[in-house]
Amino acid sequence: MIDGKVKKIIERLLIFLLGVPAVAALVLFLPYKNNLVLNFVIVFFSGIGAIEFSSMLVKKQINISKAESFILGALAPLAVTLKVSFGLSELIIPVILMAAAGWALMSRIFTKSDIENITNKIIGSFSLIIYPGLFMCWVIFMCEWQNPGAVLLFLFITFGSDSVAWLFGTLLGKNNRGIIAVSPNKSIAGFIGGLIGSVLVAIGALLLFPQIFPIHCIECFYLPNYLILVSIVGLCTGIAAALGDLAESAIKRSCDFIDSGNSVLGRGGVLDSIDSIAVAAPVFYMLFFLFFTL
């Protein structure tokens, strides 16, 4: 009989071995319209993540239907997809976001009952528009670079950070847990291991696939400079990924949830699987754009 801990390890490894190649295939082999298929996957996952978030908000007496939660969560990445993959004006993004915000604010004025909770529902609706969808938009913006290596680099940094953090925490974290109240199972060893993993992934990408990093100034084009720049990208992305994981842990702990759902083997729900990606995406985008695109 396999105990729960071993079962979870096997499930996590299975998801990693199947999920990473699947995502890589989406990026590399389906580049049509700036990775349209990947972008729609992000839209869908953002909607499902919003549903899971709304299920936690119920514990705070904030009741928003699954259908409305999905729509609110998917609207921001859908708006960015329309711009990035279909070439619509960038004005489509603020127009759709304002429409979503307007719905969240004004649809409640027709409520006939439970009037005392209208403010909570409005706040909850705004939260569903922002998290995780608005954060996940930055992965879609990366596709606009037409540099699949950069998108994969970001994903591998976040996957690497999470996987190495979990490994270090399992092997070395026994006596250094409980530092952060919202996630007492997280360890200092895991946090340090995650940062090491993210930096090593970034440096490995530079050494093995230097074409990922465009040459934008001749003065910067020598290895020591690039090592510093990619290390900064890896380190900051790793920190953001860890904070994203902790932020979702804080939400779950506040709402008395262990996992956001049970749809992903070994990881819990969709929100448990994309929490690090969501918060790390804008950090990676800004740094990569600043260092290697401008």
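## A walk around the helices

Visitor: Let's start with the rings: how many aromatic pairs does a search of the whole structure find?
Guide: Keep in mind that this is a predicted model. Searching the whole structure for aromatic pairs gives a total of 17.

Visitor: Take Phe291 and Phe292: what kind of pair do they make, stacked or edge-to-face?
Guide: Their ring centres are 6.1 Å apart. Planes over 60 degrees apart count as edge-to-face. The planes of Phe291 and Phe292 stand at 80 degrees, so this pair is edge-to-face.

Visitor: And are Phe291 and Phe292 buried or exposed?
Guide: These two also belong to one aromatic cluster, whose members include Trp138, Tyr226 and Phe288. As for Phe291 and Phe292 themselves, both are buried.

Visitor: Stepping back, how many helices does the protein have?
Guide: From the N terminus on, the elements run α-α-α-α-α-α-α-α-α. There are zero strands, and the helices number nine.

Visitor: What is the radius of gyration of the protein?
Guide: Along the principal axes, the C-alpha trace spans about 65 × 55 × 30 Å. For 294 residues the globule rule gives 19 Å, and the protein comes close to that, so it is as compact as a globular protein of that length. Its radius of gyration is 20 Å.

Visitor: Now for charges: how many salt bridges turn up in the whole structure?
Guide: Side chains of opposite charge can pair when their charged atoms come close. One case here is Lys83 with Glu144, whose closest N and O atoms are 2.5 Å apart. Over the whole structure, the search finds three.

Visitor: How many residues apart in sequence are the parts that Lys83 and Glu144 tie together?
Guide: These two form a salt bridge. Lys83 sits in helix 3 (residues 66–84), while Glu144 is in the loop between helix 5 (118–143) and helix 6 (148–172). The pair therefore ties together parts whose separation in sequence is 61 residues.

Visitor: Which helix holds both Glu248 and Lys252?
Guide: The side chains of Glu248 and Lys252 meet in a salt bridge at 3.7 Å, N to O. The two are four residues apart, about one turn of the helix. That helix, residues 223–254, is helix 8.

Visitor: Which residues do salt bridges that share partners join into one network?
Guide: Lys252 also meets Asp272 in a salt bridge, 2.9 Å from N to O. Asp272 lies in helix 9 (residues 270–292) and Lys252 in helix 8, so this pair ties together parts 20 residues apart in sequence. Asp272 is buried at 6% relative accessible area, and Lys252 is buried at 10%. Through shared partners, one network joins Glu248, Lys252 and Asp272.

Visitor: Which helix gives the largest share of the lining of the second largest pocket?
Guide: This pocket has a volume of about 820 Å³. Helix 1 (4–29), helix 2 (32–57), helix 5, helix 6 and helix 9 each give two or more residues to the lining. The largest share is nine residues, and the helix behind it is helix 1.

Visitor: How many residues of that lining are nonpolar?
Guide: The second largest pocket is lined by 28 residues, with Ile15, Val23, Phe159, Ser273 and Ile277 nearest its centre. Five of the lining residues are polar and three are charged, while the nonpolar ones number 20.

Definitions and conventions:
Residues are numbered from 1 along each chain as its sequence is written. This is a predicted model: local features need pLDDT of at least 70, side-chain atom pairs count only at pLDDT 80 or more; totals for chains, interfaces and linings use all residues. Side-chain values use heavy atoms; hydrogens and water are left out. A salt bridge is a side-chain nitrogen of Lys or Arg within 4 Å of a carboxyl oxygen of Asp or Glu. Buried means under 20% relative accessible area, exposed over 50%, partly exposed in between (1.4 Å probe, protein chains only). On a 1 Å grid over the protein atoms alone, a cavity is a set of points where a 1.4 Å probe fits but cannot get out, and a pocket is an open set with protein on both sides within 12 Å along at least five of seven lines; lining residues have an atom within 4 Å of a point. Grid points are joined across faces, edges and corners, and a volume is the space filled by probe spheres set on the points. Ala, Val, Leu, Ile, Met, Phe, Trp, Tyr, Cys and Pro count as nonpolar, Asp, Glu, Lys and Arg as charged, and the others, Gly among them, as polar. Rings of Phe, Tyr and Trp (its six-membered ring) pair if their centres lie within 6.5 Å; planes under 30 degrees apart count as stacked, over 60 as edge-to-face and the rest as tilted. The radius of gyration is taken over C-alpha atoms; the globule rule is 2.2 Å times the number of residues to the power 0.38.
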